[in-house]
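Me: I am new to this structure. Please show me how to read its features.
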Number of protein chains: 2
Amino acid sequence: MDNIKKIIEILNSHKDYVSGDHISEILGVSRTAVWKYIKSLEKYGYRIKTLKGKGYMLEKTPGAPLPWEIDRFLNTKTMGREIIYKKTIDSTNSFAFKLALSGKPEGTCVIAEAQNEGRGRMQRTWFSPEGKNLYLSLILRPYIEPARIYPVTFISCLAVYDTIKVASEIAPALKWPNDVLLNNKKVCGTLIEISAESDMVNFVIAGIGLNINMEEKDLTEDIRYKATSLYMETKKVYDRAFICGLMLNFFEKYYEIFKNAGGSEICRLWEEKARIKGKFIEVNQMGEILRGISVGIDATGALLLNIDGKTKRIIAGDTMF
Amino acid sequence: MDNIKKIIEILNSHKDYVSGDHISEILGVSRTAVWKYIKSLEKYGYRIKTLKGKGYMLEKTPGAPLPWEIDRFLNTKTMGREIIYKKTIDSTNSFAFKLALSGKPEGTCVIAEAQNEGRGRMQRTWFSPEGKNLYLSLILRPYIEPARIYPVTFISCLAVYDTIKVASEIAPALKWPNDVLLNNKKVCGTLIEISAESDMVNFVIAGIGLNINMEEKDLTEDIRYKATSLYMETKKVYDRAFICGLMLNFFEKYYEIFKNAGGSEICRLWEEKARIKGKFIEVNQMGEILRGISVGIDATGALLLNIDGKTKRIIAGDTMF
């Protein structure tokens, strides 16, 4: 990866052709090796012009969430410091879970271009077409008891919220517990999975599915009415590596707040941005529909709903659209 | 397994020799097949006398926790209805965790004669010599949120407590949060590991290490002062299949209480048998030593300690001997 990264840096820093000799000198590898790297870059979707006697010129980067591309935008200490990139995977969460079991450190990040078995909460599927969105899972190793894990969901949502605001300049909405909406449709879903002992969390997998360049025609009929993407809302195509880098930076910021100020502070921040206090909300709790005025969320992340004058605390449920 | 089980039943029900013909007739297999089954039983440690013209007679069962032996003592609906038996394993919990990830149902039980990497809480090792004790892990799939998982530890402890009382007629003691003691030494440790989403448990692995026939000479120097076994306390050798069957029966009983009456009822039962109310207790909480008078445990399983007039709630910690 180091040499790939260096070659892209060299090509990026020249607006003109760069000779193979020059590159091979800087990298300390043969000209044939340089040629091989160029070929592999083309496989990743880079468009590189080659001119005999002149060398190579970068015409277009693929805009894909490739580790070395994301790295250009990262200013994190741990999040995304190791990125495992896959073309296709069953589920980034499942893969990250196995990596965590084998001891991979906090901040390790799994990214895939497509998921065959992309999952949401409660074993639901997450629509995961290839090459347009972001499917990402982070390994976290917070030093907390299982009862305190709930707000980690909000870390992901807050990070995505800020990312969308900065990148697209449109304002998303937060839907309890784990979604981010644009124009009342899902642009992002998050999934927290944990491994723990009875009193101590071993690790957490924070999964994020963010719809970026997906078009309406990519959607299947059954989710067309409820799913959207940054592209669908703004008619712009986004560099997914940039979006991903931004998101990892925000994630680390909120994770630091979680570790230093606690989950209650994350809940407060989420509640502030979700602006759900005083709103009429319908929640589907295992098939039972609860309707009431939101009193906000409590310090553990549970939704508080005033139903006929009584406050009900809801942990597992879905806010309805 | 079915034929193995049937042969043992046949041999057990005859005090005299049973002819190979008779067995082959009942099983509907050839005499050579019967002979092969007999040979494999001998490998499992059964002592079987063979007399030409007379047949086979069972002299001695190995007393090992073999699935078909345990099955004779089971009266459960789910617990131990499938038992995976291994000579040696890294850790029964790790193996059961993988089985649970692959979809194995509630009640599936992993048993090993020895563990190379037997684990206790907080990544500690659990001393696991071969062929004398019980190392067992159960897959559970309760429909609860992660915050309610703590009392599952007590289900294991209560089951072992009752098992020891019935089998050995001596009274064990319960030590918060996860040990069973005899004569102030550990006879059993339990380890709960969970996989969950933020609001819902996927599965729980309930691991139990119970020292049964281990002798003083089996112990390493570093744990001699704090570990014991049923044999060491009573000078009797126990049938481990019987102990295991008994324990699974009790486990299911308490698990039903957990599901129907809730974790608080399990905590109440544990507190009743642990008789810790009013006792002076020292707890090591991540290196900090807390001393106080126990007020019992609360409905979530946390230890309540009165320290200088103030009640402190302790989740992660170790009661000191």
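Reply: Start with helix axes: they are lines fitted to C-alpha atoms, for helices over the stretch in contact, and angles run from 0 to 180 degrees between N-to-C directions. Helices (H or I, at least four residues) and strands (E, at least two) are DSSP runs, numbered from the N terminus. This is a predicted model, where local features need pLDDT of at least 70, side-chain atom pairs count only at pLDDT 80 or more, and totals for chains, interfaces and linings use all residues. Residues are numbered from 1 along each chain as its sequence is written, and chains are lettered from A and ligands numbered from 1 in the order in which they are written.

Me: At what angle do helix α8 and helix α9 of chain B pack?
Reply: Two packed helices are described by the angle between their axes and the distance between the axes. Here α8 (residues 240-261) and α9 (residues 263-274) of chain B pack at about 135°, with axes 6 Å apart.

Me: Which residues of α8(B) and α9(B) make the contact?
Reply: Contact means C-beta atoms, placed from the backbone, within 7 Å. α8(B) gives Y254(B), I257(B), F258(B) and A261(B); α9(B) gives G263(B), E265(B) and I266(B).

Me: How many residues does each chain bring to the contact between chain A and chain B?
Reply: Chain A brings 22 residues and chain B brings 22 residues. On the chain A side, β8(A) supplies the largest share, seven residues.

Me: In which sense do β8(A) and β8(B) pair?
Reply: Strands pair if DSSP finds at least two bridges between them. β8(A) and β8(B), residues 185-197 of chain B, pair in the antiparallel sense over five bridges. E193(A) has E197(B) as its bridge partner.

Definitions and conventions. Contact = placed C-beta atoms within 7 Å.
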